[in-house]
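Thanks for making time this morning.

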Amino acid sequence: MKAFTINKTLCAAIATGVLFTGAAQAAGYPAEKENDLVNICKAIKADNPMRLHLAVKRSGLNYRTLDEGLVCNGQNMMTFAATHSAGNSGKFLAARLHQSDRTLTAKR
(Lines give C-alpha, C1' and ligand atoms only; values in the text may rest on other atoms or scores of the structure.)
Protein backbone atom coordinates (compact mmCIF):
# COMPACT_ATOMS: atom_id res chain seq x y z
CA MET A 1 0.00 0.00 0.00
CA LYS A 2 1.51 3.26 -1.08
CA ALA A 3 1.01 6.38 1.04
CA PHE A 4 0.30 9.60 -0.85
CA THR A 5 1.56 13.03 0.04
CA ILE A 6 -0.75 16.02 0.39
CA ASN A 7 -0.49 17.08 -3.27
CA LYS A 8 -0.97 13.58 -4.69
CA THR A 9 -3.99 13.04 -2.46
CA LEU A 10 -5.56 16.30 -3.57
CA CYS A 11 -4.88 15.54 -7.24
CA ALA A 12 -6.38 12.07 -6.87
CA ALA A 13 -9.51 13.57 -5.32
CA ILE A 14 -9.92 16.01 -8.20
CA ALA A 15 -9.19 13.35 -10.80
CA THR A 16 -11.81 10.97 -9.42
CA GLY A 17 -14.43 13.69 -9.45
CA VAL A 18 -14.73 14.39 -5.76
CA LEU A 19 -16.37 17.79 -5.96
CA PHE A 20 -16.73 18.53 -2.29
CA THR A 21 -15.38 21.85 -1.09
CA GLY A 22 -14.16 20.30 2.15
CA ALA A 23 -11.86 17.76 0.54
CA ALA A 24 -9.53 16.18 3.04
CA GLN A 25 -5.80 16.46 2.71
CA ALA A 26 -3.66 14.28 4.87
CA ALA A 27 0.00 13.39 4.81
CA GLY A 28 0.89 9.77 5.48
CA TYR A 29 -2.57 8.25 5.12
CA PRO A 30 -3.12 5.44 2.61
CA ALA A 31 -5.05 6.31 -0.54
CA GLU A 32 -8.04 4.16 0.46
CA LYS A 33 -8.47 6.34 3.56
CA GLU A 34 -9.12 9.43 1.43
CA ASN A 35 -12.85 8.79 1.07
CA ASP A 36 -13.11 8.17 4.80
CA LEU A 37 -11.39 11.49 5.49
CA VAL A 38 -13.62 13.35 3.04
CA ASN A 39 -16.64 11.82 4.79
CA ILE A 40 -15.37 13.14 8.12
CA CYS A 41 -15.09 16.65 6.67
CA LYS A 42 -18.60 16.34 5.21
CA ALA A 43 -19.97 15.21 8.57
CA ILE A 44 -18.36 18.17 10.33
CA LYS A 45 -19.86 20.56 7.79
CA ALA A 46 -23.30 18.89 8.10
CA ASP A 47 -23.20 19.68 11.85
CA ASN A 48 -24.36 16.19 12.76
CA PRO A 49 -22.42 14.67 15.69
CA MET A 50 -23.82 11.16 15.13
CA ARG A 51 -22.79 11.21 11.47
CA LEU A 52 -19.38 12.52 12.53
CA HIS A 53 -18.93 9.76 15.10
CA LEU A 54 -19.85 7.08 12.54
CA ALA A 55 -17.49 8.58 9.93
CA VAL A 56 -14.62 8.57 12.43
CA LYS A 57 -15.44 5.02 13.50
CA ARG A 58 -15.48 3.82 9.86
CA SER A 59 -12.11 5.46 9.22
CA GLY A 60 -10.43 3.38 11.92
CA LEU A 61 -8.58 6.45 13.21
CA ASN A 62 -8.96 8.08 16.60
CA TYR A 63 -9.90 11.70 17.24
CA ARG A 64 -6.44 12.69 18.47
CA THR A 65 -4.80 11.38 15.29
CA LEU A 66 -7.34 13.23 13.18
CA ASP A 67 -6.82 16.42 15.18
CA GLU A 68 -3.10 16.27 14.50
CA GLY A 69 -3.29 15.47 10.79
CA LEU A 70 -6.69 16.01 9.14
CA VAL A 71 -7.06 19.18 7.09
CA CYS A 72 -10.42 20.19 5.61
CA ASN A 73 -10.15 23.08 3.14
CA GLY A 74 -6.80 24.05 4.61
CA GLN A 75 -8.18 24.19 8.17
CA ASN A 76 -8.03 21.86 11.14
CA MET A 77 -11.27 20.21 12.27
CA MET A 78 -12.19 22.76 14.95
CA THR A 79 -11.58 25.77 12.70
CA PHE A 80 -13.45 24.09 9.84
CA ALA A 81 -16.45 23.55 12.14
CA ALA A 82 -16.35 27.18 13.28
CA THR A 83 -16.04 28.47 9.72
CA HIS A 84 -19.14 26.54 8.65
CA SER A 85 -21.20 27.43 11.74
CA ALA A 86 -21.23 23.80 12.81
CA GLY A 87 -21.56 24.40 16.54
CA ASN A 88 -22.83 20.91 17.35
CA SER A 89 -19.89 19.30 15.55
CA GLY A 90 -17.49 21.73 17.22
CA LYS A 91 -18.83 20.94 20.70
CA PHE A 92 -18.70 17.22 19.96
CA LEU A 93 -15.08 17.47 18.78
CA ALA A 94 -14.14 19.64 21.77
CA ALA A 95 -15.54 16.99 24.13
CA ARG A 96 -13.73 14.17 22.32
CA LEU A 97 -10.44 16.08 22.23
CA HIS A 98 -10.77 17.29 25.83
CA GLN A 99 -10.72 20.93 24.76
CA SER A 100 -13.02 23.73 25.82
CA ASP A 101 -15.66 25.26 23.56
CA ARG A 102 -13.65 28.48 23.72
CA THR A 103 -11.03 26.80 21.55
CA LEU A 104 -13.63 26.83 18.79
CA THR A 105 -13.85 30.62 18.75
CA ALA A 106 -10.23 31.28 19.62
CA LYS A 107 -8.98 29.61 16.44
CA ARG A 108 -11.25 31.67 14.19
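Predicted model: local features only at pLDDT ≥ 70, side-chain atom pairs only at ≥ 80, totals over all residues.

Let me begin with helix H3, residues 49-59, whose buried residues are Leu-52, Ala-55, Val-56 and Ser-59; buried here means under 20% relative accessible area and exposed over 50%, with partly exposed in between, using a 1.4 Å probe and protein chains only. These residues lie on the same side of H3, because they cover an arc of only 95° around the axis, the arc being that of the directions from the helix axis to the C-beta atoms. Helices (H or I, at least four residues) and strands (E, at least two) are DSSP runs, numbered from the N terminus.

Residues are numbered from 1 along each chain as its sequence is written, and side-chain values use heavy atoms, leaving out hydrogens and water.

What do the buried residues of H3 pack against? They pack against helix H2 (34-46), helix H4 (63-69) and helix H6 (87-96), where contact means heavy atoms within 4.5 Å. The face of H3 turned away from that buried side carries the exposed residues Met-50, Lys-57 and Arg-58.

Now to the link: the structure holds one disulfide, a pair of cysteine sulfur atoms within 2.5 Å, and this disulfide joins Cys-41 to Cys-72, with 1.9 Å from S to S. Cys-41 lies in helix H2 and Cys-72 in strand S2 (residues 71-72), so the pair ties together parts that are 31 residues apart in sequence.
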